[in-house]
Amino acid sequence: MKQFIAFVIKETKHILRDKRTMLILFGMPVVMMLLFGFAITTDVKNVRTVVVTSEMSPRTQQAVERLAQSEYFMITKTVNTPREAEQLIRSQKADMALVFAQNRGLQIMVDGSDPNMAQQWTTYAQQTMAAANSCVPSVASDQRSSASLFTLHSSLLYNPQMRSAYNFVPAIMGMLLMLICAMMTSISIVREKEKGTMEVLLVSPVRPLMVIIAKAVPYLVLAFAILITILLMARFVLGVPLAGSLFWILAVSTLYILLALSLGLLISNVAQTQLVALLLSAMVLLMPVVMLSGMLFPVESMPTILQWISAIVPPRYYIEAMRKLMIMGVDIGEVAHEVIVLAIMTVVLLAIALKKFNVRLE
C-alpha cells in the first residue's frame with residue numbers, strides 16, 4: 001500500500017508541476033461556463049417586433065405595451081397591413097410581426113430562417129400575450145369572451161424563463177468530464193511510453209494494475225474538483241437550480257468519471273505517442289460529444305442512422321441524467337435507464353482496456 005501511495009503522490013506532483021496543464025484543467029471549465037452562460041446563449045432578448053393593426057383599441061394597446069415592457073421584445077414599428085410587415089421581415093429590419101385582426105384574433109409572423117429561434121420567439125410571444133390577456137379586467141359572463149383579446153393556453157415546466165443555461169450546464173459537465181478524464185489519462189500513460197519510463201514502472205514491485213490505478217487517481221480527484229467548480233458556478237453565478245438530490249448527482253457523476261477514465265486507458269493502449277492520443281481523443285470524444293450527445297441538437301430530431309450512432313455515445317446518457325436530476329428534480333429511479341447504460345459501458349470499456357494492456361510494452 002505504501003508503494004501504491006508513493007506512485008499516487010509521484011503522479012500528483014508531476015501534474016502539479018505542469019502549471020500550464022493546471023491552468024487548462026481549471027481555466028477551461030470557468031471560461032466555458034461563462035461563455036455558455038452569458039455569451040453563447042439562445043435566450044430571447046430584444047426581438048425586433050412589428051405590430052400590424054388597422055386600429056389601436058384600448059385592449060390592443062394594452063397588449064402592445066405589455067410586449068414592449070418585456071425584455072424579450074422591442075417594438076420597432078406599427079404598420080397597417082401584414083404585407084408591410086412581411087416586407088420589413090424580408091429586408092431584415094424586423095424579426096417578428098404581431099397581426100391583430102379586427103375579430104380579435106392574433107397571428108404571429110416570424111422569420112423562420114432559423115427554425116429554433118423562430119420557435120422560441122413564438123413561444124415567448126405567446127407567453128407574453130397570455131399574461132396580457134389575463135390582465136383584462138373581469139366583466140359579466142356574457143361579455144367575458146369579447147373582453148379577452150385571444151385565447152392561449154400554455155405552461156412551461158422546470159424552466160419557465162426558458163434560460164439556455166438550464167440546458168447548457170449539464171451538457172458542459174458531460175463534455176468537460178469526458179474530455180479531461182479520458183484525454184488527460186491517455187496522454188499521461190502514453191507520455192510514460194514515449195519517455196521509456198513506463199517499462200521501469202512495470203518492472204517495479206508494484207503490480208501493473210496498481211500502477212495504472214495510481215496514475216488514474218489524481219485525475220479522479222481533479223475531475224471531482226472540476227465537477228464541484230461547475231456546480232458552484234451553475235448555482236451561484238448562472239442561477240441554475242440543483243432541484244434534485246446532490247448525493248445522486250455526485251454518485252452518477254462518479255460513475256461517469258470512472259467510465260471516462262476507462263476510455264482514457266483504452267485510448268492509451270492504442271496510441272503510441274501523445275500526438276496520436278490527442279488526435280484519437282479529439283476524433284473519438286470531442287466531435288461525438290458536441291454533435292451526437294444532445295448537447296446542442298435534440299437526438300430525436302436527428303436522422304435514424306445518427307440516432308443509432310448516438311446510442312453508443314456515453315455523454316448522451318449522462319447529460320440526460322443530469323438534466324433530469326438537476327433541473328427536473330426527479331428521484332434516482334427516474335434515471336435508472338441512463339445509470340444502467342453508463343454502468344454497462346464502464347464495465348465493458350474497463351474490461352477491454354485491461355485485457356489489451358501490455359505489461360511487456362513490446
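Glu-338 counts as buried, at 3% relative accessibility, where buried means under 20% relative accessible area, exposed over 50% and partly exposed in between (1.4 Å probe, protein chains only). The side chain of Glu-338 meets that of Lys-324 in a salt bridge (3.0 Å, N to O). This pair links distant parts of the chain, with Glu-338 in helix H14 (residues 336-356) and Lys-324 in helix H13, 14 residues apart. The model is predicted: local features need pLDDT of at least 70 and side-chain atom pairs count only at pLDDT 80 or more, while totals for chains, interfaces and linings use all residues. Residues are numbered from 1 along each chain as its sequence is written, and side-chain values use heavy atoms, with hydrogens and water left out.

**Overall composition**

- The protein chain has 14 helices and four strands; helices (H or I, at least four residues) and strands (E, at least two) are DSSP runs, numbered from the N terminus.
- Of the 362 residues in the protein chain, 45% count as buried.
- Among contacts between residues at least 6 apart in sequence, 75% join residues at least 24 apart, a contact being heavy atoms within 4.5 Å.

**Transmembrane annotation**

- An unreviewed UniProt entry places the feature "transmembrane region" at residues 21-40, 168-190, 211-234, 246-268, 275-297 and 335-354; UniProt positions are given in the numbering used here, feature names are shortened, and annotations may be inferred rather than shown by experiment.
- Residues 246-268 are 100% helix and 0% strand, and the end C-alpha atoms of this span lie 33 Å apart.
- Residues 275-297 are 78% helix and 0% strand, with end C-alpha atoms 30 Å apart.

**Salt bridges**

- Side chains of opposite charge can pair when their charged atoms come close.
- The whole structure holds three salt bridges, each defined as a side-chain nitrogen of Lys or Arg within 4 Å of a carboxyl oxygen of Asp or Glu.
- Lys-324, the partner of Glu-338, is partly exposed, with a relative accessible area of 26%.
- Arg-48 and Asp-95 form a salt bridge through their side chains (2.9 Å, N to O). Arg-48 lies in strand E1 (residues 47-52) and Asp-95 in the loop between helix H4 (82-90) and strand E3 (96-100), so the pair ties together parts that are 47 residues apart in sequence.
- Arg-48 is partly exposed, at a relative accessible area of 24%, whereas Asp-95 is buried, at 12%.
- Glu-320 and Arg-316 also meet in a salt bridge (3.4 Å, N to O). Because they are four residues apart in helix H13 (residues 314-328), about one helical turn separates them.
- Glu-320 is partly exposed, with a relative accessible area of 23%, while Arg-316 is buried, at 15% relative accessibility.

**Helix packing**

- Helix H10 (residues 246-270) and helix H11 (residues 274-292) pack at an angle of about 130°, with their axes 10 Å apart. Axes are lines fitted to C-alpha atoms, for helices over the stretch in contact, and angles run from 0 to 180 degrees between N-to-C directions.
- H10 and H11 are therefore oblique to each other; angles under 35 degrees count as roughly parallel, over 145 as roughly antiparallel, 65 to 115 as roughly perpendicular and the rest as oblique.
- Leu-263, Ile-267 and Val-270 in H10 meet Ala-277, Leu-280, Ser-281 and Leu-285 in H11.
- The axes of helix H7 (residues 165-195) and H13 come within 9 Å and cross at roughly 140°, and the two helices are therefore oblique to each other.
- Residues of H7 that meet H13 include Tyr-166, Leu-177 and Met-178, and those on the H13 side include Pro-314, Tyr-318 and Ile-327.
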